[in-house]
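Subject: Structure handover

Hello,

Here is the structure I promised to pass on. Please open it beside this email and follow along.

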Amino acid sequence: MGKSNDPLTAEIAKDCMAVRVRKLNRMITSIYDDCFREYGLTVAQFNLLVSVGSFDAVMPKTIGEILSLEKSSLSRNIEKMRLKGWVSSIPGDDQRSQQLSLTSAGHDLLKKAKPAWEKAQRKSEDLFGGDLPDFLKNINWV
């Protein structure tokens, strides 16, 4: 089985930013997940912990907007983290709403996992040949 000579697929394969960004995402995710594994933590959960911990209390919708997450993915991960005792839900302004906050166990986990994060950072930076590229620094997070 050989490569196709189709100019259309060749052009897209050569120039498609989405393909490369999605592949890079899988590569980076794998690096972080490998480093966090010993803590029973994924990079997605780590991102949520950092985001929630950046506020005293925060609405799940706000975290979803910050991280560009679908409601179902956010809810599923928050529920897992709540069951592990890393985040807590507190009533919001009305009975239907809730706010999230980082528990002391969640904060302790972040402190324990920081060396793993630093290791993942170094490995990821090696892919770029140095520090985080400026175009990535300009993407707002929290």
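First, a term. A pocket is an open set of grid points with protein on both sides within 12 Å along at least five of seven lines, and its lining residues have an atom within 4 Å of a point. Keep in mind that this is a predicted model.

Now the second largest pocket. It holds about 210 Å³ of space. Which helices each supply at least two residues of its lining? They are helix 4 (60-67) and helix 5 (71-83). Helix 5 gives the largest share, six residues. By type, the lining residues divide into four nonpolar, four polar and four charged. Among them are Pro60, Leu69, Ile78, Glu79 and Arg82. Ser89 and Gln98 belong to the lining too.

Strand 1 covers residues 87-91, and strand 2 covers residues 98-102. The two run antiparallel, joined by five bridges. A hairpin of six residues connects strand 1 to strand 2. Find Ser89 again: Leu100 in strand 2 stands opposite.

Next, look at Gln45. This residue sits in helix 3 (residues 43-53). Is Gln45 buried or exposed? The relative accessible area of Gln45 is 5%, and the cut-off for buried is under 20%, so Gln45 counts as buried. What does Gln45 touch, leaving aside its neighbours within four places in sequence? Gln45 is in contact with Gly40, Asn77, Lys80, Met81 and Trp86.

Best wishes

Conventions: Residues numbered from 1 in each chain as written. Predicted model: local features only at pLDDT ≥ 70, side-chain atom pairs only at ≥ 80, totals over all residues. Heavy atoms only, no water. 1 Å grid on protein atoms, 1.4 Å probe; cavity = no way out; pocket = protein on both sides within 12 Å on 5 of 7 lines; lining within 4 Å. Points joined across faces, edges and corners; volume = space filled by probe spheres on them. Helix = DSSP H or I, 4+ residues; strand = E, 2+ residues; numbered from the N terminus. Nonpolar A, V, L, I, M, F, W, Y, C, P; charged D, E, K, R; others polar. Buried < 20%, exposed > 50% of the residue type's maximum accessible area, 1.4 Å probe, protein only. Contact = heavy atoms within 4.5 Å. Pairing = 2+ DSSP bridges.
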